Amino acid sequence: MANRMEGSTLSILTARQIASSSCRQSTRLPEPRPLRTKCSKPSTAFGNCWIRISTASTPFIKEPAVVTRKDFSPVGISAEEMERLKLEDGIRLHEIIKVELRTYARETGNRVVKPFLLVIARDTYHATQLVGRIESELFEGRYVGKVLQVDSKQTGADEDAMVKNLLAVEDVDNEIEIVVHVNMLKEGWDVTNLYTIVPLRAANARTLIEQSIGRGLRLPYGKRTGVVAVDRLNIVAHDKFQEIVDEANRPDSIIRLKQVILDPAQLTASPVTVISQPQLEIRLGIPPTHLLPDMQVAESDSPPAFSTPREQEIAQIAYQAIRRMENRPEKLPGVASLQKPDVQAQILQEVQAQYRPVQMEMDALIPAPDFAAIVAATTELVIQQTIDIPRILVIPKAEVKTGFRDFTPDVSIFGYDAPSEDMVLQHLRTHQQEILTFGRGGVDATRLEDYIVYELIEFNDVSYDDNADLLYDLAGQTVEHFRTYLTEDEIRRVLQMHKTAIAKNLHLQMQQHYWEEPVEHETKISKGFSALKPSAYTASATEPPLNFHVSPPDKTNMAKYLFGGFAHCLYSVQKFHSEAERILSVILDRDSLKWFKPARGQFQIFYKQGADHHEYVPDFVAETEDRIYLLEPKALNAMEDPVVLAKRAVAIKWCAEATTHAQSYGGKPWKYLLIPHTALNEGMTISGLARIYS
């Protein structure tokens, strides 16, 4: 975290980060995490659709995974016993996912998603039997009142109640966690919180896939989160495991591929990665680095700054010398300081020491280069093509005292059952295989509470010496919760497997009770200015950049276009995410001295969301005669969004610190503008927008 936070203004080197080096403990022993992955074979297209896209390139649906037990063989197992195993393991997975979803919601500040389990029955009589078994035989009746039977036999008030419960299954206050259905869930039942499917109806693998998995592919947050449990749909099919895997491997499997209809223009376009270099590097003749064969460099109309290869080489040496000076803000508080005589002399000395003339170069025939003139011209070009963006660091003046207040944790979410066997989950698209080891492996702790405490002290902001009493109190309350329905041996097995997830959830609850004594901070400037970073865009390989003065034909899909033709932009091409951004670029190109859309990492500003700090990348930065602006055009209905307001708060604070630094050497003040998209038209000016929205 410390590396991520360097240079930010809002949450830089917080008390937790400063104390982290002394908080880490070495009590925990690493445990192996088996992972086996295979690559899926390329697939062929359907005969009746234009194109099919793999789920790998569609991050808006869950990754389906088929589940069985490790080393499991269905031979000799009765149908009744098989049904019981699948139900038990499905419910175990359901309990795991409940915790993972709750933990993810706490960690990110997202809404809580309540998952449910879908059981597919053979017929109405079988569904009634299953409901009775789940509520009375499994897990000591913990699911009484939490199972909903859905079939066509119910009528009148019973049917109304059934439909009402079914439609409310995503509501976190709805008690239903298991839905048992008999082929009644038709089109129109639109849910995103289905995470586990237990098919108990006789069917071949293709039928199971087509009729079951499609119901649970939608993601609750609209896109994949990167957290495996949150992004995965589980199909518990011990007896059909290999059949489903084989079916998913078929070239025409709907699991691996989905149908997407594209318009003809999209079909003929070939996307590539386009590298947009800063105009400064282009004029100095510096080629982009780390180019792959399928990447393109955006063309530029900017002429080279130097006419001969020798002058260009000397200019590039001078530029690298300037780059090394960025970290000396006491000497170079802003880019204009490069013109100081002593700085020019230092650059000139470095250039003369590093330049090596071409072998066999004859002084009598080729005059010696005018090093001083080239250094001066290079310096002037750097000043013209740079905006003074300081790197700001805020650190406390004194030792920061922190801690956690005592509190009663919410342990009701922990509904784990004692595992009895290992379970295997195989992702149908990627063939990646996960093994859930139920109650095996790891090091036995002396006390049950130690499993949790050892995990909690792995967090950087948790000091064992300062918080031991609280940690054992939290762990003790958690263990006591498990004692209400598990034996001591069962609790040990639960903790061996789930200690990390339990500790993560408890740690997130601790965040709400964190305290930190107020302390004065001081601002440190580690750089007075910094070079611009190259940008990378995905664009068509055949279509040239559009004129940014002209609105594109499809304004609903702005991100597919590259724009060029700028007069004052510090890059040759840019991408815009909305029509409002394009209009603002027209205003900036007309009214500012220079402007650009910054790449990630250019500003190092961070804002807090949940328990995490995220980088804030402003949409635009522009310099005028008397001021430098950070500008953020935003949809009118998003102006009060909590994330937008959090970004605004850290940006305003950053601008205040940058202004203080600028005043120390006579630089320009900074101002942040959050602008609703409805306010933007080409008749507006930067100064007019600043009067209204600063």
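## Surface and overall make-up

The accessible surface of the chain amounts to about 33,000 Å², and carbon and sulfur atoms account for 51% of that area. These values come from a predicted model. The chain has 694 residues, and 50% of them count as buried.

The secondary structure consists of 19 helices and 26 strands. Taking contacts between residues at least 6 apart in sequence, 75% link residues that are at least 24 apart.

## The sheet of β21, β24, β25 and β26

An open sheet is built from four strands, in the order β21-β24-β25-β26, with mixed pairing. The edge positions belong to β21 (594-596) and β26 (670-676). Each of these two has a single partner strand, so one side of each lacks a neighbour in the sheet. From one strand to the next, the twist averages 20°.

At the β21 end, the partner is strand β24, residues 620-623. The two strands run antiparallel and are joined by three bridges. Within this pairing, Trp595 stands opposite Ala622 of β24.

## Helices against the sheet

Helix α18, residues 642-663, packs on this sheet and touches both β25 (628-634) and β26. The direction of α18 makes about 155° with that of β26.

Helix α19 covers residues 686-693 and lies across β25 and β26. Relative to β26, helix α19 runs at about 85°.

Strand β7 spans residues 194-199. Is this strand largely enclosed or left open by the rest of the structure? Six of its six residues are buried, which means that β7 is largely enclosed by the rest of the structure. Buried here stands for a relative accessible area under 20%.

Two pairings of β7 can be described. With strand β4, residues 116-120, β7 pairs in the parallel sense over five bridges.

With strand β8, residues 232-236, the pairing is parallel and extends over two bridges. Here Thr196 has Asn234 in β8 as its bridge partner.

Technical notes. Residues are numbered from 1 along each chain as its sequence is written. This is a predicted model: local features need pLDDT of at least 70, side-chain atom pairs count only at pLDDT 80 or more; totals for chains, interfaces and linings use all residues. Side-chain values use heavy atoms; hydrogens and water are left out. Buried means under 20% relative accessible area, exposed over 50%, partly exposed in between (1.4 Å probe, protein chains only). Contact means heavy atoms within 4.5 Å. Accessible areas come from the Shrake-Rupley method with a 1.4 Å probe; for residues, only the protein chains shown count as cover. Two strands pair if DSSP finds at least two bridges between them. Axes are lines fitted to C-alpha atoms, for helices over the stretch in contact, and angles run from 0 to 180 degrees between N-to-C directions.
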